[in-house]
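Here's a walk through one model, starting from a single side chain and working out to the pockets. Keep the viewer open as you read.

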Amino acid sequence: MHYEEDSNDSDNPTIDDVVNARLRRRQFLMASAGAIAAAGLGPLPFAGCAADGTRRSELDSVGVPALEFEPVSKSVADALVVPPGYTARVLIAVGDPLFAGVGSYRDDGDNSDYDRRCGDWHDGMEYFGLSANGRPASSAGDRALLAINNEWVSQEFLHPDGASAAPRPASEVDTEIAAMGVTVVEISKDEQGHFAYVQDSPFNRRITTLTPVELAGPLRGHPKLRTLFSPDGVQTRGTVNNCGTGKTPWGTLLTGEENWAEFFARDAEDSDRRTESENYALARYGRRPGSSQTYQWDSAAGNADRHRRWNTSVTGDSSDGSDDYRHEINGQGYMTEIDPYDPDSTVRKRTALGRFAHEGAAFSLPRSGEPLAVYMGDDAQGEYIFKFVSDAHWDPADAEAGNRMATGAKYLDSGRLYAARFSEDGTGEWLLLNLDNPAVAGYDRYPFADDGDALLHARIAADAAGATRMDRPEWSTVNPVNGDVYITLTNNSGRRLSDGDGVLGVDSANPRAYEDRRQDSTVQRGNVNGHILRMAEDGADATGFRWDIYLFGAESDADASLINLSDLTADQDFSSPDGIGFGSGTDICWIRTDDAAMTDRSNAMVLAAAPGRLGDGESLELDHGETQVVTHLGARPQANELKRFLVGPVDQEITGLAETPDGRVLFVNFQHPGSGTPADSAGRPERYTSHWPGNMGYGPGGDLARPRSATVMITRDDGGKIGG
């Protein structure tokens with residue numbers, strides 16, 4: 001979801017402010033590998049170890065996936081375009097019934113029981129194989145469970161005439177509350193060899209914004225989690241605004257709660273009832289006095305508890321918050337673990353991984369006897385990249401654990417959280433975010449009560465530690481061949497060439513700020529098209545790392561000296577990288593876009609990449625006139641190393657992606673097609689800008705259908721591996 005919130009008013013320096021004097025810009029361009037090694041983190045590139053102990057220099061000779069399909073051209077059509085020789089079919093869409101007795105989806109907005117239907121706004125997704133007898137089977141390619149995040153709702157399509165004004169009818173609000181969260185659905189191959197979803201499978205499950213959820217880890221029972229619903233602070237309800245995902249090494253889902261803060265209203269007078277530190281913390285997460293709830297759920301007629309909880313103001317008389325929902329907002333913003341194989345299992349929020357606008361969660365390659373690392377981005381302008389390191393060391397037997405949620409507790413409930421600081425020389429360090437770090441313990445803008453408070457306010461702890469402010473860090477992934485970490489930096493309209501008056505200037509890891517003119521003459525500013533960062537370190541618990549920028553998003557005809565630094569061609573250019581992940585059956589790196597900048601030339605898209613390794617490119621200096629900045633660029637991709645694989649319909653974002661273990665079926669999520677649909681003064685849709693997937697032949701309505709978020713499966717017509 002494109003999000004322009006920037007609540008980071010810290011005075012954290014950009015990289016250029018903290019570069020050591022011995023490595024000035026022009027001196028760096030002339031520095032030898034030995035001089036860089038003297039900085040204390042070794043040369044770039046380097047000879048670290050992969051997860052299996054293989055030296056990185058040996059991995060350099062490992063073959064990369066062959067991308068042999070014909071690249072797809074950019075498109076603004078209301079259609080799903082795939083390469084010649086491929087076929088796309090819709091698997092499941094918002095509103096499809098999951099359980100017996102639920103009626104078929106109707107194309108009139110009059111569908112009830114969304115807690116028993118596929119949810120809306122399909123986002124992150126993971127594939128969980130099933131054996132013929134219904135047991136977990138990682139290699140299964142004919143039967144599986146898909147776990148699909150349902151991030152937001154499209155009110156204009158979910159109701160017969162769009163959403164009513166506040167005070168909202170309770171029935172409308174209840175539909176929306178139920179349509180968010182997570183969908184777990186069984187899929188199975190039919191007689192034609194194509195997957196279909198299994199209605200009324202015993203594995204099917206909806207987790208909504210009302211599902212009881214246990215708080216786990218350091219914040220369980222914390223005083224700042226006490227609410228009227230859970231006076232002892234051990235539970236909350238629901239998981240909200242689920243965006244990116246991660247698949248744990250023991251076979252469960254991690255679902256990231258992203259823009260959850262927007263779901264809580266705050267009264268204009270609430271600041272008078274709060275302490276100075278409480279007001280600061282709420283504002284740092286975007287909830288200032290008078291903030292409204294995105295969908296105004298708190299205004300629902302009847303003032304029921306399930307609606308009242310969405311106002312996080314002080315309304316009670318207690319000193320600890322146990323008689324109101326002042327702390328309700330603190331129950332959202334985590335990585336939440338779900339066991340898709342057990343529909344009766346308890347959902348748990350893993351609070352040790354910190355509270356911020358979570359996107360994906362990528363695990364380091366597991367090595368026996370070593371801790372696990374989880375790499376995460378905080379998706380807002382000027383926010384941070386985080387790493388969690390488990391206290392427990394990996395036991396390969398846990399990959400087949402009988403009690404998967406207990407295994408999750410073992411590795412995810414105890415550990416250390418860090419934020420990244422990047423240096424101009426291509427190195428960086430992980431900054432500890434607890435009270436053992438004097439910068440955190442002594443932070444004067446927010447006095448942390450304890451280590452749990454630092455996790456609860458991980459953004460503020462990262463401010464205190466001095467982490468580098470980034471351009472909307474989103475999804476993360478780890479190269480299964482060499483362990484390199486990739487993190488998408490989607491864009492930043494607030495980035496400028498120099499600092500001052502709250503403006504964030506360029507630095508080595510965020511080196512571009514420019515103007516882009518659309519075909520309608522609209523001017524866009526900042527890091528308009530985004531980039532993809534790459535990191536590597538010598539072990540999951542390393543406190544230092546190396547980095548470069550794998551790809552810069554750009555239009556192919558943009559200035560090659562300042563914008564199209566990766567020299568992208570018309571078959572490769574893209575904007576706003578969002579989702580990213582390596583295929584489980586192909587080892588292709590799949591890049592998905594959430595683009596508003598280049599939509600005058602193309603709808604959002606998926607690219608297939610065969611990346612190399614960190615340090616395979618060059619260092620270069622960007623001359624912005626009065627501002628110069630050094631950055632580190634990955635090797636410019638050749639035609640067979642990066643190709644556009646598909647383009648989606650109008651006004652959508654391409655989000656989750658998964659593969660069958662044999663690499664022959666690709667599943668892709670399409671979110672909010674038709675989101676640009678205009679409304680009249682009463683909020684009713686005037687005309688649909690998209691009719692997908694009805695115009696693709698799926699569901700009722702045909703070429704005049706309401707648009708729907710959906711999951712698609714893509715196969716090669718000859719039955720071969722995707723992308724090959």
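## Starting at Tyr411

Tyr411 sits in helix α9, residues 404-412 (helices are DSSP runs of H or I with at least four residues, strands are runs of E with at least two, and both are numbered from the N terminus). This is a predicted model, where local features need pLDDT of at least 70 and side-chain atom pairs count only at pLDDT 80 or more, while totals for chains, interfaces and linings use all residues. Residues are numbered from 1 along each chain as its sequence is written, and side-chain values use heavy atoms, with hydrogens and water left out.

Is Tyr411 buried or exposed? With a relative accessible area of 0%, Tyr411 is buried (buried means under 20% relative accessible area, exposed over 50%, and partly exposed in between, using a 1.4 Å probe and protein chains only). Setting aside neighbours within four places in sequence, Tyr411 touches Trp250, Leu372, Phe388, Ser390, Ala392, His393, Trp394, Asp395 and Asp398 (contact means heavy atoms within 4.5 Å). The C-alpha atom of Val389, 22 residues away along the chain, is 8.8 Å from that of Tyr411.

## Helix α7

Helix α7 covers residues 276-284, and its buried residues are Asn279, Tyr280, Ala281, Leu282, Ala283 and Arg284. They pack against β15 (381-383) and α12 (458-465). Just past the end of α7, Gly286 has a positive phi of about 85°.

## Rings and charges

A search of the whole structure turns up 29 aromatic pairs (rings of Phe, Tyr and Trp, the last by its six-membered ring, pair if their centres lie within 6.5 Å; planes under 30 degrees apart are stacked, over 60 edge-to-face, and the rest tilted). Take Phe264 and Trp310: their ring centres are 5.4 Å apart and their planes are at 40°, so the pair counts as tilted. This pair links distant parts of the chain, 46 residues apart, with Phe264 in the loop between β10 (253-257) and α7, and Trp310 in the loop between α8 (305-308) and β11 (335-338). Phe264 is buried at 0% relative accessibility, and Trp310 is buried with a relative accessible area of 0%. For Tyr446 and Phe448, the centres are 5.1 Å apart and the planes are at 70°, so that pair is edge-to-face. Both Tyr446 and Phe448 are buried.

Ring pairs also join Trp121, Trp152, Phe263, Phe264, Tyr295, Trp297 and Trp310 into a cluster. As for charges, the charged end of Lys247 sits over the ring of Phe128, 4.9 Å from its centre (a charge sits over a ring if NZ of Lys or CZ of Arg is within 6 Å of the ring centre and within 35 degrees of the ring normal). Lys643 does likewise with the ring of Phe69, 5.3 Å from its centre.

Two cis peptide bonds are worth a look. The bond from Ala166 to Pro167 is cis, with omega near 0°, and Pro167 is in the loop between α5 (155-158) and α6 (170-179). The bond from Trp692 to Pro693 is cis too, with omega near 5°; Pro693 lies in the loop between β33 (665-671) and β34 (710-716).

Asp200 has phi near 65° and is found in the loop between β5 (195-197) and β6 (205-207). At 43% relative accessibility, Asp200 is partly exposed. Asn241 has a positive phi of about 60°, in the loop between β8 (235-237) and β9, but Asn241 is buried, at 0% relative accessibility.

## Pockets

The largest pocket has a volume of about 1,300 Å³ (on a 1 Å grid over the protein atoms alone, a pocket is an open set of points with protein on both sides within 12 Å along at least five of seven lines, a cavity is a set where a 1.4 Å probe fits but cannot get out, and lining residues have an atom within 4 Å of a point; points are joined across faces, edges and corners, and a volume is the space filled by probe spheres set on them). Of its 43 lining residues, Glu126, Lys247, Thr248, Pro249 and Ser584 are closest to the centre. β20 (473-478) is among the strands that each supply at least two lining residues, and β20 gives the most, with four.

The second largest pocket holds about 600 Å³ of space. Of the 31 residues lining that pocket, Trp121, Glu156, His672, Ser675 and Gly676 lie nearest its centre.
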